[in-house]
Amino acid sequence: MKIFRMLGRSIRDAFKSVIRNFSLSLASISCITITLIIVAIAIIASFNVQNFTKEIEKDLTIVIFLNNDATEEDIDRIEKEITEIPNVNKSSLKFESKSEVKEAMQEESEVFNTVLDEWDDTESPLKDTFQVKVKNVEKISKTAERIKDIDKVNTVRYGEGMVDKMITAFSSIEKVTYGVVIALVVVTVFLIINTIKLTISARRREISIMRLVGASNFTIKTPFIIEGMILGLLGSIVPVIFTTYGYLAFYKHFDGYLFSQLIQLIKPEPFIYSTAGIVIVIGILVGMVGSASAVRKYLKV
């Protein structure tokens, strides 16, 4: 019961300190708010980049064209060699003969139907093909090179030029957003440390009295840590509102995708709620860590 009474007093003192040192508290809250808005934007960008990459991985297909002289035995051997490549998704492997490719193309277009109908299997420029997806899209170029080295494989295509550039761009953006989030969190902790340091300096007489009456380190430090938690929580309110309504408006404005259907945005629900939760947790942790660091560094207790 004693610890609960002590915790209750600490919470009460923390709220009093926030109100009593309103100008310093407001400065801390403002810094946290601005920083967390940028952090929220970086988090949203990071999750969407991950989503873009997953969509590419899900839809990206390597098309393997075989030589015209490939026999049934060659086709079986090629299939086995493809499945032995570690990055290949074995369950996605699909074979289409040139006659099946011809039928599919004829069904898609009347022009193709007219042109291809004049060619028999010996005259047709079409080839037997395999289609396969990969487990890790970042290794697709190396996987395609290994497939190309298989005997009786004529050509391997996966939209290499555009896909490789897109994967590189998404990977770079993802790393940058992670770096921005970490850097901003560190900056926020630093700001909190300095703000709490000023608060502590203004309350040195009060702290000295607490020492003289035998207050423990825990009793002295706890109100400051709770104060940092309160500042972090208050500082996260505006970013949470910004994240929730801002992303909803952004999603609706662009109809759920950027530039093309290939780059689809994450649906707002439940994404905005989980992101808001992350922002709140970061705000609270940053406030608590900043306060704890300030107390440890600047209080000789």
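Accessible areas are computed by the Shrake-Rupley method with a 1.4 Å probe, and for residues only the protein chains shown count as cover. On this basis the protein chain exposes about 17200 Å², of which carbon and sulfur atoms supply 62%. The structure is a predicted model, in which local features need pLDDT of at least 70 and side-chain atom pairs count only at pLDDT 80 or more, while totals for chains, interfaces and linings use all residues. Residues are numbered from 1 along each chain as its sequence is written, and side-chain values use heavy atoms, with hydrogens and water left out.

**Overall composition**

- The protein chain holds 11 helices and 4 strands; these are DSSP runs (helices H or I, at least four residues; strands E, at least two), numbered from the N terminus.

**Nonpolar cores**

- A nonpolar core is a set of buried Ala, Val, Leu, Ile, Met, Phe, Trp, Tyr and Cys residues joined through side-chain atoms within 4.5 Å.
- The largest such core has 23 residues, and Ile-62, Ile-64, Leu-66, Ile-82 and Phe-130 have the most contacts inside it.
- At least two residues of this core come from each of β1 (62–66), α3 (72–83), β2 (88–96), β3 (129–134), α6 (140–148) and β4 (153–157).
- A second, separate core of 15 residues includes Leu-36, Ile-43, Leu-231 and Val-286.
- Not counting residues up to four places away in sequence, Ile-62 touches residues including Phe-130, Val-132, Ile-140, Ile-147 and Val-156.

**Helix α6**

- Ile-140, Thr-143, Ala-144 and Ile-147 are buried in α6.
- These residues lie on the same side of α6 because they cover an arc of only 100° around the axis, taken from the directions from the helix axis to the C-beta atoms.

**Aromatic pairs**

- The structure holds 4 aromatic pairs; rings of Phe, Tyr and Trp (its six-membered ring) pair if their centres lie within 6.5 Å, with planes under 30 degrees apart counted as stacked, over 60 as edge-to-face and the rest as tilted.
- Tyr-247 and Tyr-251 form a tilted pair, 6.4 Å centre to centre with 40° between the planes, and both lie in helix α10 (residues 237–253), 4 residues apart.
- Tyr-247 and Phe-271 form an edge-to-face pair, 5.2 Å centre to centre with 65° between the planes.
- Because Tyr-247 lies in helix α10 and Phe-271 in helix α11 (residues 268–298), this pair ties together parts that are 24 residues apart in sequence.
- Phe-47, Tyr-247, Tyr-251 and Phe-271 form one aromatic cluster.

Note on methods
Buried < 20%, exposed > 50% of the residue type's maximum accessible area, 1.4 Å probe, protein only. Contact = heavy atoms within 4.5 Å.
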